[in-house]
Amino acid sequence: MERPVPTNYAMSHLGHEVCHRWTAYVSAKVDGKIISLGPWPHWGPGLQAPVAFHYSLPTEASTMGGSVWQDNFDGTYTQLRDFYYVPATGYSYLDLYLMGLISAAEVPDFFMLNNLVAVGKDANGHRIFKADRTKVTIQDVIAVEGPRLPDVDHSQREFNTGIVVVVEHGRSPSPELIERANGIRYQWIDYWETTTGHRASMTVNHVERLQTSEITVITRQSAVDILPVQPW
Ligand SMILES: [Zn+2]
């Protein structure tokens, strides 16, 4: 299915920022040593982080960082996809485990590449690196962080997002702005359900108009009106 382009950038940001509720904060313990999976709060480029349920392209790295690496079995690794999250990408198995949407048994073993040294490019322009590979399993993550609680059988599956449209004081939102907000709203539901493999649902409520006193609390100096996004 082809995704509408105009909202893809919004999906990149929404997908990424919402996932910060859960990731990317964990480490792993390998051979008794705690290893970093990236600079907080994102996965490092060396992390093997293929997306479980892709959104824009057949091969994607997690929207929270990491890469999709091809092990060339000669000490080099080809970076099939980097951590740039435009066009919008989905969530890795590790992300989905930390989100409470898949079990530990569903997370394939992965790895972390350190000491990356660029050595060239393949015929398709993908960069090739020499690196040190450390195998990581979900049990290595659990060894540091403990198991995900609540577990996959008791985790939250229904989510709701509020969209707030902000316009200058005394102005009304243009029909185009409302239409854009609704476009984002529609695609966000699709993005979420697609990238979570339909293991979680998303609703997006239209926003109630706030009272002036509440608006003052939010903005302090600049006066704005917060207006409802019309339902479809
Ligand atoms: Zn971030």
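F73 sits in the loop that links strand 4 (65-71) to strand 5 (76-81); here helices (H or I, at least four residues) and strands (E, at least two) are DSSP runs, numbered from the N terminus. This is a predicted model, in which local features need pLDDT of at least 70, side-chain atom pairs count only at pLDDT 80 or more, and totals for chains, interfaces and linings use all residues. Residue numbers start from 1 along each chain as its sequence is written. Welcome to the tour, which begins with the whole chain.

**Overall picture**
- Five helices and eleven strands make up the secondary structure of the chain.
- Of its 232 residues, 33% count as buried; a residue is buried if 20 or more other C-beta atoms lie within 10 Å of its own, exposed if 12 or fewer, and partly exposed in between, with C-beta atoms placed from the backbone.
- Among contacts with a separation of 6 or more, 59% are between residues 24 or more positions apart; a contact means that the two C-beta atoms, placed from the backbone, lie within 7 Å.

**Backbone features in the loops**
- F73 has a positive phi of about 55° although it is not a glycine, and F73 counts as exposed because 7 other C-beta atoms lie within 10 Å.
- D31 also has a positive phi, near 50°, in a residue other than glycine.
- D31 lies in the loop between strand 1 and strand 2, and with 7 C-beta neighbours inside 10 Å it is exposed.
- T23 and A24 are joined by a cis peptide bond with omega about 10°, and A24 belongs to the loop between helix 1 (8-19) and strand 1 (27-30).
- Another cis peptide bond, with omega about 0°, joins W40 and P41; P41 lies in the loop between strand 2 (33-36) and strand 3 (43-48).

**Helix 4**
- Helix 4 (residues 175-195) has 21 residues, so at 1.5 Å a residue it should span 30 Å, and its end C-alpha atoms are 30 Å apart, in agreement; the expected span is 1.5 Å times one less than the number of residues.
- After helix 4 comes G197, with a positive phi near 65°.

**Nonpolar cores**
- The largest nonpolar core holds 34 residues, of which L37, Y93, L94, L96 and Y97 touch the most other members; such a core is a set of buried Ala, Val, Leu, Ile, Met, Phe, Trp, Tyr and Cys residues joined through C-beta atoms within 7 Å.
- Two or more residues of this core come from each of strand 3, strand 4, helix 2 (93-98), strand 6 (110-121), strand 7 (127-136) and helix 3 (138-145).
- Helix 2 gives the largest share, five residues.
- Beyond its neighbours within four places in sequence, Y93 is in contact with A52, I102, E106, V107 and P108.
- Apart from this core lies another, of eleven residues, including M11, Y55, A181 and W188.

**Confidence**
- The average pLDDT of the chain is 87, and 86% of the residues score at least 70; pLDDT is the predictor's confidence in each residue, from 0 to 100.
- Over residues 207-232 the pLDDT is below 50, and beyond near neighbours in sequence this stretch has 41 contacts in the model.
- Where pLDDT is low, the predicted coordinates should not be read in detail.
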